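Hello,

Here is the structure I said I would pass on. My notes on it follow below.

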Amino acid sequence: WQKPAEEWALEVPLGLCDDPVNQAQMPLVISFSENGHHAFCGRIVSGKSTLLQTLFYAMVHKYAPDYVNLYAIDFSSHMLSAFEHAPHVGGVIYEDDSEKMNKFFHMMNQMLEERKKLFKGGNYSQYVRANGVRVPAVVIAIDNYASFREKTNNQYEDVVLHLAHDGVGYGIFLAITAGGFGSSEIQTKVGDNIKTVVCLQMNDKFQYADAMRVPRVETLPETDIRGRGLARVGERILE
């Protein structure tokens, strides 16, 4: 009799959800293992960079560096610089660092190819179940995606698309902040591969619905309170 392998998980709490129907509050848990890539949308100064800081902080405190590696591409307020020296963090890249950026995306291409060979047709969670965590999961945060695309003249679009399309199967996950989805924000080709969206403050209910990809939203968060927003919990959208 063999002890069954533990299910692989990569998830952290990011805040609280309000469930008025059941008069309850519960943690908002972000699960890369269950839900793949994540987009964090919101208007300017709605708290997207702070949310990524919270995500990195939670990851660093919950997991060992050989379990998850973090990389940050910071085209926003340099708030992820706080993690430059954490053992989990392979690097924080800023907009004026084109050489580092080139090397990073070249490395990601190589990593995808190496893992493809290593997993022999299986995916990351199957590999971990069979062998344990021999290669760490990878989370790549891109803060201010529109600015990243614009200032790099879209030269990394192919690699980002490759990561969006194939990354989850190889244990490589994207956490992208943006104003929303669309030609100047998260373009459709990438957005189609991101199924989980957390939405911070938007200008109106139509923008919320658009970002959450639903016909309409029944709940709207309190306005002008930093960090308030909407998230899908099971089948419902909660504040």
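Are phenylalanine 119 and tyrosine 170 buried or exposed? Phenylalanine 119 is buried, and tyrosine 170 is buried as well; buried means under 20% relative accessible area, exposed over 50%, and partly exposed in between, with a 1.4 Å probe and protein chains only.

Before the rest, the basis. This is a predicted model, in which local features need pLDDT of at least 70 and side-chain atom pairs count only at pLDDT 80 or more, while totals for chains, interfaces and linings use all residues. Residues are numbered from 1 along each chain as its sequence is written, and side-chain values use heavy atoms, with hydrogens and water left out.

Aromatic pairs

The structure holds 15 aromatic pairs (rings of Phe, Tyr and Trp, the last by its six-membered ring, with centres within 6.5 Å; planes under 30 degrees apart are stacked, over 60 edge-to-face, the rest tilted). Phenylalanine 104 and phenylalanine 105 form an edge-to-face pair, because their ring centres are 5.1 Å apart and their planes stand at 70°. Both of these phenylalanines are buried. The pair of phenylalanine 119 and tyrosine 170 is tilted, with 6.0 Å centre to centre and 35° between the planes. Phenylalanine 119 lies in helix α3 (residues 98-119) and tyrosine 170 in the loop between α6 (157-166) and β7 (172-178), so this pair ties together parts 51 residues apart in sequence. Helices (H or I, at least four residues) and strands (E, at least two) are DSSP runs, numbered from the N terminus. Ring pairs also link Trp8, Phe32, Phe119, Tyr124, Tyr127, Tyr170 and Phe173 into a cluster.

Aspartate 74

Aspartate 74 lies in strand β4 (residues 68-74). This residue is buried yet has no salt bridge (a side-chain nitrogen of Lys or Arg within 4 Å of a carboxyl oxygen of Asp or Glu). The nearest side chain of opposite charge is lysine 151, 10 Å away; Lys and Arg count as positive, Asp and Glu as negative, and His and the chain ends are not counted. The aspartate 74 side chain does reach the backbone nitrogen of histidine 78 at 3.2 Å, and that of leucine 80 at 3.2 Å.

Valine 217

Valine 217 sits in the loop between α8 (205-212) and β9 (229-233). It counts as buried because its relative accessibility is 14%. Its contacts (heavy atoms within 4.5 Å), leaving aside neighbours within four places in sequence, are Lys205, Tyr208, Ala209, Leu230 and Ile237.

Regards

Note on methods:
A polar contact is a pair of N or O atoms within 3.5 Å; within protein, one must be able to donate a hydrogen and the other to accept it, and residues adjacent in sequence count only if both atoms are side-chain atoms.
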